[in-house]
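Reader: I have a model open and some labels to question. Can you show me what stands behind them?
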Amino acid sequence: MTDSDKPQAAPAAKSSVRMIKVPEDRAGQRLDNFLLGQLKGAPRSLVYKLVRSGQVRVNGGRAKADRKLEGGEEVRIPPVNLNEFGDKAPPPSSFLQRMEEAIVFEDAKLLVINKPTGVASHGGSGISHGAIETMRALRPNMNLELVHRLDRDTSGLLILAKKRSALVELQALLREDHGGIQKRYLTLLAGRMPDGVMSVDAPLHVGLRQGGERHVQVNAIGKPSLSHFKVLERRGGQSYCEVRIETGRTHQIRVHAQHIGHPVAGDDKYGDPAVNKRFREQIGLKRLFLHAASLEFALDGGKTPYVLNAPLPPDLVDALNKL
């Protein structure tokens with residue numbers, strides 16, 4: 001493939017004041033997410049700054065970032081030069097190509113990628129190009145929105161909605177108590193898990209450490225969280241498992257695995273440093289062994305089923321084979 005054939009992002013440019021009428025199909029969308037769709041490539045920090053400073057107006061008045069918009073409302077978007085706010089260049093062409101190749105499914109409603117490890121779901125906290133920003137650069141004429149998120153170090157299926165109707169329906173499915181979206185992960189847990197399915201029903205609370213880093217722990221004041229661990233195979237005294245989750249809390253699988261005494265291999269936040277060191281030296285595992293392998297759901301009120309799959313990445317297959 002020549003350089004001219006590779007996908008290229010549209011360059012950032014100085015905009016003028018815009019008055020945007022909220023389309024009816026965007027009713028219910030948060031103001032910050034609406035602005036991210038209008039300001040292609042804008043870092044989230046910039047959007048919040050514009051809202052806090054009052055430069056963004058809804059029907060002539062100030063509004064908060066989490067304001068739910070209604071169809072027909074008028075949003076004032078101020079002049080913005082993205083190059084002045086830390087997004088000085090489009091994603092590198094090699095990264096654009098890598099993310100183009102990560103697309104595993106696409107139709108009129110959805111775009112689904114097999115997100116590589118190390119790629120954040122969205123930019124922020126010093127990350128210029130997350131998955132959503134990069135896919136928007138690849139599809140500049142689409143209004144892509146993240147349906148859900150994956151941890152930066154977790155690989156696997158990530159859904160982006162092309163249509164507001166699909167986004168709303170999928171987010172409603174995600175809120176269902178017993179999993180309107182069936183989510184299956186593959187992971188390597190340290191130590192020997194017992195046979196059968198181990199269900200972990202333990203509430204999770206998100207706290208902040210010094211410096212603003214999120215740290216999640218099992219705590220009675222947290223949100224209900226339910227995970228089901230099943231051993232698929234034991235290798236070298238470790239447990240290769242399937243995990244099905246009925247809730248989608250931050251770091252859920254990683255914290256539940258730690259809670260039962262079998263942390264995820266390669267987890268530098270919740271795992272065992274000595275065990276992780278052995279994994280690096282003995283099987284070459286340099287990343288979190290957690291992969292979002294399959295998603296099952298139905299749209300259009302249950303009439304249109306989706307079954308999406310992403311195979312275990314080669315580096316994790318190689319590590320598993322060395323056990």
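Author: Start with pairing: two strands pair if DSSP finds at least two bridges between them. The model is predicted. In it, Ile-20 has Val-75 of β3 as its bridge partner.

Reader: What makes β1 and β3 a pair?
Author: They share four bridges, in the antiparallel sense. The cut-off is at least two, so β1 and β3 count as paired.

Reader: Why are β1 and β2 called edge strands?
Author: The open sheet has three strands in the order β1-β3-β2, with antiparallel pairing. β1 (18–21) and β2 (57–58) each have a single partner strand, so one side of each is left without a neighbour in the sheet. Helix α1 (residues 31–38) lies across β1, β2 and β3, at about 60 degrees to β3.

Reader: What lies between β12 and β13 in their hairpin?
Author: Two residues. Gly-236 in the turn has a positive phi of about 55 degrees.

Reader: Which residues of α3 are called buried, and what covers them?
Author: In α3 (residues 93–101), they are Phe-95, Leu-96, Gln-97 and Met-99. Their cover includes β4 (103–106), β5 (110–115) and α4 (131–138).

Technical notes
Residues are numbered from 1 along each chain as its sequence is written. This is a predicted model: local features need pLDDT of at least 70, side-chain atom pairs count only at pLDDT 80 or more; totals for chains, interfaces and linings use all residues. Side-chain values use heavy atoms; hydrogens and water are left out. Contact means heavy atoms within 4.5 Å. Axes are lines fitted to C-alpha atoms, for helices over the stretch in contact, and angles run from 0 to 180 degrees between N-to-C directions. Buried means under 20% relative accessible area, exposed over 50%, partly exposed in between (1.4 Å probe, protein chains only).
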